[in-house]
Amino acid sequence: MSEIGTLDLKKLIGNAVDEVFETMLSMEVELLKGDFDISLNGDRIVGSVSFAGKVMGSIRIEVNTDFGRLITAGMLGMEPEEVEGTEEIYDVIGEMSNMIGGDLKSRLCDSGLPCELSIPSITSGKDFTIEAKDWVKHEKLGFRHQGHIGFLEVFMKRDV
Amino acid sequence: MPLKVLTVDDSKTIRMIVKKAFKPFDCLISEAENGVEGLAFAAKEKPDLIVLDITMPVMNGIEMLTKLKEDPVLKEVPVIMLTAESGKDNVLKIVKMGVNDYVVKPFKGEQLIERAKAIVSLEPKKEESRVNDSAKQYFPKDGDIQRLVIPGKADRPVIADIEGHLDPKIKEMADSGMQKFVLDLSQVGGINVSLVKLIITMKEKFQKQDIRMRIVAPSDVGKELKEFQETSEIAVDESIEQASQAF
């Protein structure tokens with residue numbers, strides 16, 4: 001069985017982000033290098049999925065509302081101004097979390113760390129923080145498209 | 001006879017992508033948000049193909065597939081599974097359950113169609129029937145009144161679609177001597193710029209053809225219309241019956 005410490009999480013989630021953007025949105029994203037202490041300001045949306053089994057943790061994708069609108073338009077094949085409600089944006093960010101979470105889950109299962117995935121949840125607003133406790137591995141990946149920046153974070157707790 | 005395709009997914013986005021993928025083909029696409037709704041629809045309509053997501057609330061795709069395969073009537077309905085999980089255990093699991101094929105998310109509509117074509121016969125939709133299908137859903141007739149029903153989500157693509165049918169519909173009304181037109185906004189939650197532009201266009205075109213237009217709308221939408229100079233003079237009723245009597 002693999003230990004979670006040996007997993008190249010950053011590469012795994014980077015590949016997943018690339019694939020989702022390219023396949024579903026026909027958008028190229030630039031993956032940002034380095035460590036990030038910065039956070040997004042203003043109205044933002046966080047899509048999360050959790051996984052539990054031999055390994056436990058969660059994935060979060062965080063974008064501001066404008067980037068969320070752009071992503072939604074890309075996925076639905078429309079112009080950003082045609083996206084009228086936040087419900088559509090939440091649905092798309094939730095689905096992206098599901099796809100990226102599903103990809104990571106598959107890699108974990110194939111590495112001998114079987115786990116189950118939750119359905120996505122959405123948090124939105126201006127002034128909030130989400131904390132994950134007791135994790136032993138954490139990766140934060142930044143991605144940029146047309147001047148918009150988003151973040152993808154993975155928290156893993158432990159092998160059981 | 002159009003092919004009956006059922007898409008079962010909790011994500012409206014994915015259902016829209018599936019619908020869009022099948023749109024060029026002679027298909028009737030129906031939607032369900034979870035396995036329970038999907039099973040109920042399948043039992044009632046017996047679709048020719050089911051595109052089934054795995055991760056859903058209420059009843060997931062695996063459970064729905066299990067129940068489908070236990071049902072003597074529905075067990076032969078072909079199923080394409082949509083899954084975000086490409087791991088070999090997951091793939092083996094769903095293949096063993098008897099799915100005809102699977103598509104791993106993220107996916108393109110073309111990939112789904114390619115898999116569907118290997119299972120069912122997809123005929124391209126004729127252009128004429130595509131236009132007629134689209135027009136029929138917006139323009140029902142009530143006796144001597146031509147209605148235009150604006151769907152709840154009146155965004156720019158929907159309004160553009162309706163605009164495309166407007167001139168032929170006006171010509172059809174003129175040819176048959178119809179002069180009463182009701183713009184039905186009962187399902188619309190609010191006014192947007194695209195909708196106001198459509199109303200102004202219709203008002204101008206109807207004036208030239210001597211067609212009388214009334215609007216049916218909830219009171220709050222009616223009030224919003226009164227705030228625009230261009231639409232403030234159009235008569236607004238709260239029901240079709242009221243509009244019919246007012247004519």
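**View 1. Where α3(A) meets α1(B).** In this predicted model, A:D91, A:V92 and A:E95 of α3(A) meet B:K12, B:T13 and B:I14 of α1(B). Contact here asks that the C-beta atoms of two residues, placed from the backbone, lie within 7 Å. Helices (H or I, at least four residues) and strands (E, at least two) are DSSP runs, numbered from the N terminus. Two nonpolar, one polar and three charged residues build the contact of α3(A) with α1(B). In that division Ala, Val, Leu, Ile, Met, Phe, Trp, Tyr, Cys and Pro are nonpolar, Asp, Glu, Lys and Arg are charged, and the others, Gly among them, are polar. The axes of α3(A) and α1 of chain B (residues 12-22) come within 8 Å and cross at roughly 90 degrees. That makes α3(A) roughly perpendicular to α1(B). Angles of 65 to 115 degrees count as roughly perpendicular, those under 35 as roughly parallel, those over 145 as roughly antiparallel and the rest as oblique. Axes are lines fitted to C-alpha atoms, for helices over the stretch in contact, with angles from 0 to 180 degrees between N-to-C directions.

As a guide to the labels, residues are numbered from 1 along each chain as its sequence is written, while chains are lettered from A and ligands numbered from 1 in the order in which they are written. Because the model is predicted, local features need pLDDT of at least 70 and side-chain atom pairs count only at pLDDT 80 or more, whereas totals for chains, interfaces and linings use all residues.

**View 2. The side of chain A that touches chain B.** Stepping back to the whole interface, 25 residues of chain A are in contact with 23 residues of chain B. On the chain A side, α1 (9-25), α2 (65-76) and α3 (86-110) each supply at least two residues. The largest share, 13 residues, comes from α3(A). By type, this side of chain A holds 10 nonpolar, seven polar and eight charged residues.

View 3. The 12 residues of α2(A) reach 16 Å from first C-alpha to last, close to the 16 Å expected at 1.5 Å a residue. The expected span is 1.5 Å times one less than the number of residues. Look for A:F67, A:L70 and A:I71, which are among the buried residues of α2(A). A residue is buried if 20 or more other C-beta atoms lie within 10 Å of its own, exposed if 12 or fewer, and partly exposed in between, with C-beta atoms placed from the backbone. After α2(A) comes A:G77, with a positive phi near 65 degrees.

**View 4. The open sheet of chain B.** Five strands of chain B form an open, parallel sheet in the order β2-β1-β3-β4-β5. Strands pair if DSSP finds at least two bridges between them. At the edges stand β2 (27-32) and β5 (101-104) of chain B, each with a single partner strand, so one side of each has no neighbour in the sheet. Neighbouring strands are turned by 20 degrees against each other on average, direction ignored. Six bridges join β1(B) and β2(B) in the parallel sense, and B:L3 stands opposite B:C27 in β2(B).

**View 5. B:L6 in strand β1(B).** B:L6 lies in β1 (residues 3-8) of chain B and is buried, with 24 other C-beta atoms within 10 Å. Beyond four places in sequence, its contacts include B:S30, B:F41 and B:I50. B:P47 is 41 residues from B:L6 in sequence, yet the C-alpha atoms are 6.3 Å apart.
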